[in-house]
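Student: I am new to this one and would like to look around with you. Could we go through it together, one question at a time?

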Amino acid sequence: MKPGVRALGVAESYREDTSTLAGAVVRADRVVDGFVFEQCTVGGSDATASVIELIERLDRPDVRHVLLAGIAPAWYNLLDLHAIAEAVERPVLSVSFEESGGLEPALRDAFDGEALARRLETYRDQPPRRAVDLDDETVYVRAVGCSAEDAERVVRAFTPEGGRPEPLRVAREAARAADVFRRES
């Protein structure tokens, strides 16, 4: 992958009832090239719309890929990868960092009625996770808008070391810093 190719990493930090979403534009050569922030509700159902708003507000047509830290930020405020990819017209990859049997048992423990039904429908509509080995670590990737092979290539290209793609590492740090700033202001 060429060093100037850009990806947007989106990660979160949450406290109480609001989650801070941070977007970090990072080039394949690890140069950080921009930030954008948004919020979503902890335990709500607005994360997909918030991520779309974040990307649209960023207004960076040079960003070729969107990497999301997981699929259930802000206490199961599930992301719809298909809706995000359709809205932003570029590949969307959800990267998680732990092996899991899936979210259905946790969703059933946390929700019932219509809230559970909506979350299960969204969750079941997402593509399956696929393990990607990175040196001594494994990440789990869901991809919409590109093949599984292309998704693996993107994750590898943006992970120079360790097991966290650089756009997601930088976005996580930015979200944490913004969350602290917001609480202390």
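Tutor: Gladly! We begin with a definition: a residue is called buried when its relative accessible area is under 20%, and exposed when that area is over 50%. Please keep in mind that this is a predicted model.

Student: Which residues of α5 are buried?
Tutor: Helix α5 covers residues 113–124. With the under 20% cut-off for buried, four names come up in this helix: Leu-116, Arg-119, Leu-120 and Tyr-123.

Student: Why are the buried residues of α5 on the same side?
Tutor: The residues in question are Leu-116, Arg-119, Leu-120 and Tyr-123. They sit on the same side of α5 because around the axis they cover an arc of only 100 degrees.

Student: Which exposed residues does α5 carry on the face turned away from its buried side?
Tutor: Exposed asks for over 50% relative accessible area. On the face of α5 turned away from the buried side, the exposed residues are Glu-114 and Glu-121.

Student: Which elements do the buried residues of α5 pack against?
Tutor: Here contact is counted for heavy atoms within 4.5 Å. The partners of the buried residues of α5 are α2, α4 (104–110) and β7.

Student: What distance does α5 reach from its first C-alpha to its last?
Tutor: This helix has twelve residues, and at 1.5 Å a residue the expected value is 16 Å. The model comes close to that, with a reach from first to last C-alpha of 16 Å.

Student: Which helix gives the most to the lining of the second largest pocket?
Tutor: That pocket has a volume of about 160 Å³. Its lining is made of Gly-44, Ser-45, Thr-48, Asn-77, Leu-78, Asp-80, Arg-118, Arg-119 and Thr-122. By class they are one nonpolar, five polar and three charged residues. With three residues, the helix that gives the most is α5.

Student: Which element supplies the largest share of the lining of the largest pocket?
Tutor: The largest pocket holds about 650 Å³ of space. At least two lining residues each come from β1, α2 (73–76), β5 (92–96), β7 (137–144) and α7 (166–184). The largest share is four residues, and it comes from α2.

Student: Which lining residues lie nearest the centre of the largest pocket?
Tutor: There are 27 residues in this lining, divided into 15 nonpolar, five polar and seven charged. Those nearest the centre are Ala-69, Gly-70, Ile-71, Ser-96 and Phe-97.

Student: Which element gives the most to the lining of the largest cavity?
Tutor: The count is one cavity of 30 Å³ or more, and the largest cavity has a volume of about 50 Å³. Two elements give two or more residues to its lining, β1 (6–15) and β4 (63–69). Among the lining residues are Val-10, Ala-11, Glu-12 and Leu-21. The element that gives the most, with three residues, is β1.

Student: How many charged residues are in the lining of the largest cavity?
Tutor: Eight residues of this lining are nonpolar and none is polar. The number of charged residues is one.

Student: Is Tyr-140 buried or exposed?
Tutor: Tyr-140 is found in strand β7. Residues that Tyr-140 touches include Ser-94, Phe-97 and Arg-129. Its relative accessible area is 13%, and the cut-off is under 20%, so Tyr-140 is buried.

Student: Is Ala-85 buried or exposed?
Tutor: Ala-85 has its place in helix α3 (residues 81–88). Leaving aside neighbours within four places in sequence, Ala-85 is in contact with Arg-90, Val-92 and Val-144. Its relative accessibility is 11%, so Ala-85 counts as buried.

Student: What is phi of Glu-89 near?
Tutor: Glu-89 is in the loop between α3 and β5, and counts as exposed at 72% relative accessibility. Most residues other than glycine have a negative phi. For Glu-89, phi is positive and near 55 degrees.

Student: Where does Asp-135 lie?
Tutor: Asp-135 is not a glycine, although its phi is positive, about 50 degrees. At 67% relative accessibility, Asp-135 counts as exposed. Its place is the loop between β6 (130–134) and β7.

How values were computed:
Residues are numbered from 1 along each chain as its sequence is written. This is a predicted model: local features need pLDDT of at least 70, side-chain atom pairs count only at pLDDT 80 or more; totals for chains, interfaces and linings use all residues. Side-chain values use heavy atoms; hydrogens and water are left out. On a 1 Å grid over the protein atoms alone, a cavity is a set of points where a 1.4 Å probe fits but cannot get out, and a pocket is an open set with protein on both sides within 12 Å along at least five of seven lines; lining residues have an atom within 4 Å of a point. Grid points are joined across faces, edges and corners, and a volume is the space filled by probe spheres set on the points. Ala, Val, Leu, Ile, Met, Phe, Trp, Tyr, Cys and Pro count as nonpolar, Asp, Glu, Lys and Arg as charged, and the others, Gly among them, as polar. The expected span of a helix is 1.5 Å times one less than its number of residues. Buried means under 20% relative accessible area, exposed over 50%, partly exposed in between (1.4 Å probe, protein chains only). The arc is that of the directions from the helix axis to the C-beta atoms.
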